[in-house]
Amino acid sequence: MLKAGFARLDITPPLGIHLDGYFHARFASGVLDPLELNAIALNDGEKTVVMIAADLLGIDIADGKHIKKKIEERLGLSEECVLLHAIHQHTSFWLDNIVIPNRLPREYIEVLYTKFVDVAQLAIEDMVEATLSSGERETDTRIAFVRRYKLDDGRIVTNPFAKDVPHIDCRLGEADNIVRILRFKREEKKDIALVNFSAHPDVVKGEKVSADWPGFVRRFVEVDLGDVNCAFFTNAQGDVAHRDVINGNSKQGYEHSRYMGRVIADTVIKMWDSTTERKADKLFAKISVVYNKSNTEGEEKYEEAKAFEKARAENTLGYNPSIEEMGYARRIIDIRESMTIYRALPVTVIGIGEVVLFGLPGEPFHKYAAIARELAKGRFALTFCLTNGNQGYLPTAEAFSQGGYEAKSSHFTPALEEQITNEAKKLIDMI
């Protein structure tokens, strides 16, 4: 018999904390809404699995291992039975204090580590018998769009400027705009909703802390359905954003974030009472590490890249550089200075009976979610980005051949897609 539990803790940081996600420094000057940890604990009578969704831009692999070690010490859960997911709001920060000290206040980070352990414990203590069902439905209004475009001169651009719009040849794919949910129905306590959608949570902008539209999703679902606790996990979103450049829809800000949350929550509510019951008698949890050779293309331009970064930081370039230029330079510098020949990619698979959860430690393109659904062979599959690590963009082989910001800034090579697919197949076949 499946048991499920839920817990939530506030992790809103102090003002002045560094907000990551852009190519310029920002520091938190206020709070629009709180940041949270939302945890779901599951038990099948033998194995316990805890999944924690954090309102963070990312969680470094080293920090994740540190958190998992603390969870194991207190709760006895192995590393594979703990899934750490960063929702990727750009009005938050990247948890990378072990790698880069002084980026975040030490006192706050120690409290944050402890809260990860606390929320896992509270979710386990909340577990009661539950049944599992799933649902998926397209939003009535399209709110997510592939953000990569091909211009008529052959260039690939991400979120192009207004001046580029007349020269757009095509958009490089279409986002599915499908909301996917798991419903854990509990007789003794509130039901639990796990909501999954693909788009960058980068709508609010600015220098105030916010959970962006995933926070609105959680709040709207809980208010509208009543007896429900809601956790949100971001789907594969490396090439998906909220701007529809072709049709001139480039709205952003807090109100548009609220609108997106409303659209997704409405979709959840419409399918809540018609979900499909799923067999959930056995839990499976496995992490397997893939090693991909670092992308050293352009490494000979290291000095040029350093000079570019210095001029950009000092605002002496004389022009506004594109994100393609900035991402390319940053990758070249990092490759040379990190001296990393192979990069580790922990691939995570959790099985809940007839449901497969597939997590990748970076920002995978939306195609990876389609690959996971195909490999699941009829089982209901959800994909999570930024799971058990933050290794940057994970483009497809086709995207590497096309170029553009994500491909040029990625630390990986075109062999990545085949490696991930093969490893995912191996793990999913073990369930």
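Select Glu299 and Arg336: the two form a salt bridge (a side-chain nitrogen of Lys or Arg within 4 Å of a carboxyl oxygen of Asp or Glu), and their closest N and O atoms are 3.7 Å apart. The pair links distant parts of the chain, 37 residues apart, with Glu299 in the loop between β22 and α5 (302–313) and Arg336 in helix α6 (residues 323–338). Helices (H or I, at least four residues) and strands (E, at least two) are DSSP runs, numbered from the N terminus.

This is a predicted model, in which local features need pLDDT of at least 70 and side-chain atom pairs count only at pLDDT 80 or more, while totals for chains, interfaces and linings use all residues. Residues are numbered from 1 along each chain as its sequence is written, and side-chain values use heavy atoms, with hydrogens and water left out.

Next select Lys306 and Glu337, whose side chains meet in a salt bridge of 3.3 Å, N to O. This pair also links distant parts of the chain: Lys306 lies in helix α5 and Glu337 in helix α6, 31 residues apart. Lys306 has a relative accessible area of 36% and is partly exposed; Glu337, at 46%, is partly exposed.

**Other salt bridges**

The structure holds 39 salt bridges. For a network, select Arg8, Glu36, Asp55, Arg218 and Glu222, which salt bridges link together. Then go to Asp153 and Arg155, a salt bridge with its closest N and O atoms 2.8 Å apart. Asp153 is partly exposed at 48% relative accessible area, and Arg155 is partly exposed at 44%.

Show residues 148–151, which are strand β13, with β14 (156–158) and β15 (168–171). These 3 strands form an open, antiparallel sheet in the order β14-β13-β15. The edge strands, β14 and β15, each pair on one side only. From one strand to the next, the twist averages 35°; angles run from 0 to 180 degrees between N-to-C directions, with axes as lines fitted to C-alpha atoms.

Strands β13 and β15 pair over 3 bridges, where two strands count as paired if DSSP finds at least two bridges between them. Pick Lys150 to find Cys170 of β15 opposite.

**Strand β1 and its partners**

Select residues 3–10, strand β1, which pairs antiparallel with strand β10 (residues 128–129) over 2 bridges. In β10, Val128 is the bridge partner of Ala4. Strand β5 (residues 36–43) runs antiparallel to β1 and is joined to β1 by 8 bridges. Ala41 in β5 is the bridge partner of Gly5.

**Helix α2**

Which residues of α2 are buried? They are Tyr108, Ile109, Leu112, Tyr113, Phe116, Val117, Val119, Ala120 and Ala123. For the helix itself, select residues 106–125: at 1.5 Å a residue, its 20 residues should span 28 Å, which agrees with the 29 Å between its end C-alpha atoms. The expected span is 1.5 Å times one less than the number of residues.

Methods
Buried means under 20% relative accessible area, exposed over 50%, partly exposed in between (1.4 Å probe, protein chains only).
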